[in-house]
Amino acid sequence: MRVVIGEDEVLLREGLVHLLEKDGIEVVAAVGTAVELETEVDRLSPDLVVTDIRMPPSRTDEGLLAALRIRQTHPAVAVVVLSQYVQRRYATELLEQRDGGVGYLLKQRIADVRTFTADLRRVQQGGTALDPDVVAVLVSRASKAGEALSGLTPRQLEVLGLMAEGRSNAHIAARLGTSEKAVVQHTSRIYDAFGLPVAADDHRRVLAVIRYLAAAGNGGASSQ
């Protein structure tokens with residue numbers, strides 16, 4: 001996997017390079033501005049981009065806007081954005097553009113190196129990876145969301161939230177103290193609630209997460 005990193009803080013940028021390379025991931029470029037990030041993606045066509053949301057010069061959402069443009073101009077390039085904050089609007093904007101290949105992780109999760117690099121690989125393979133705190137914000141808004149979510153039970157919302165994090169059925173079963181068979185039954189009912197046709201299970205999981213975020217995203221104001 002070939003990765004381009006966008007991060008303006010030098011120590012964090014170099015730390016990311018070290019962590020990824022130590023885990024066998026090739027970092028082909030590491031830059032400090034959103035402009036440089038897009039330039040290097042155009043030049044190198046990496047498999048994955050990892051970028052901070054807040055980048056120079058305004059340090060607001062330049063990194064996010066670059067990520068959105070990269071998803072439009074380079075559909076084969078997966079994108080993971082990093083942030084110090086939970087902002088639901090950012091997650092929904094990233095997911096609205098296409099199915100899968102996207103992640104939204106909080107910077108403090110980088111300390112769990114094994115999980116972090118596993119999340120990067122899952123996103124590069126077309127999955128999703130959302131920080132548990134991002135998912136928690138969405139779940140907290142679910143009661144205000146549309147009909148699709150209102151038709152789900154509290155346990156099904158828990159399962160869907162863990163699906164949004166990118167967790168496997170085995171992980172979900174262990175987290176919730178239930179069986180994998182029960183998780184499969186819950187996911188089947190979730191697919192039915194969203195009207196998702198029979199397809200590869202991984203693809204339907206991504207679609208369910210996107211529907212989830214779209215519904216929850218209509219439920220209230222953004223959180224930071």
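Mentor: We start with burial: a residue is buried under 20% relative accessible area, exposed over 50%, and partly exposed in between (1.4 Å probe, protein chains only). This is a predicted model, where local features need pLDDT of at least 70, side-chain atom pairs count only at pLDDT 80 or more, and totals for chains, interfaces and linings use all residues. Residues are numbered from 1 along each chain as its sequence is written, and side-chain values use heavy atoms, leaving out hydrogens and water.

Trainee: Is Lys-107 buried or exposed?
Mentor: Lys-107 has a relative accessible area of 12%, so it is buried. Helices (H or I, at least four residues) and strands (E, at least two) are DSSP runs numbered from the N terminus, and Lys-107 sits in the loop between strand E5 (102–106) and helix H5 (113–124).

Trainee: Which side chain does the side chain of Lys-107 make a polar contact with?
Mentor: A polar contact is a pair of N or O atoms within 3.5 Å; within protein, one must be able to donate a hydrogen and the other to accept it, and residues adjacent in sequence count only if both atoms are side-chain atoms. Here the partner is the side chain of Glu-7, at 3.3 Å. Contact in general means heavy atoms within 4.5 Å; not counting residues up to four places away in sequence, Lys-107 touches several residues, including Glu-9, Asp-52 and Ser-83.

Trainee: In what order do the strands of the sheet run?
Mentor: Two strands pair if DSSP finds at least two bridges between them. In this model 6 strands form an open sheet, ordered E2-E1-E3-E4-E5-E6, with parallel pairing. The edge strands, E2 (26–31) and E6 (128–130), each pair on one side only. E5 and E6 are joined by 3 bridges, and Tyr-104 stands opposite Leu-130 in E6.

Trainee: Which residues have the most contacts inside the largest nonpolar core?
Mentor: In soluble globular proteins, nonpolar side chains tend to be buried together. A nonpolar core is a set of buried Ala, Val, Leu, Ile, Met, Phe, Trp, Tyr and Cys residues joined through side-chain atoms within 4.5 Å. The largest one has 49 residues, and those with the most contacts inside it are Leu-37, Tyr-104, Leu-160, Met-163, Ile-190, Phe-194 and Ala-208. A second, separate core of 18 residues includes Leu-16 and Val-80.

Trainee: Where does Val-206 lie?
Mentor: Val-206 is in helix H11 (residues 201–217), and its relative accessibility is 7%, so it counts as buried.
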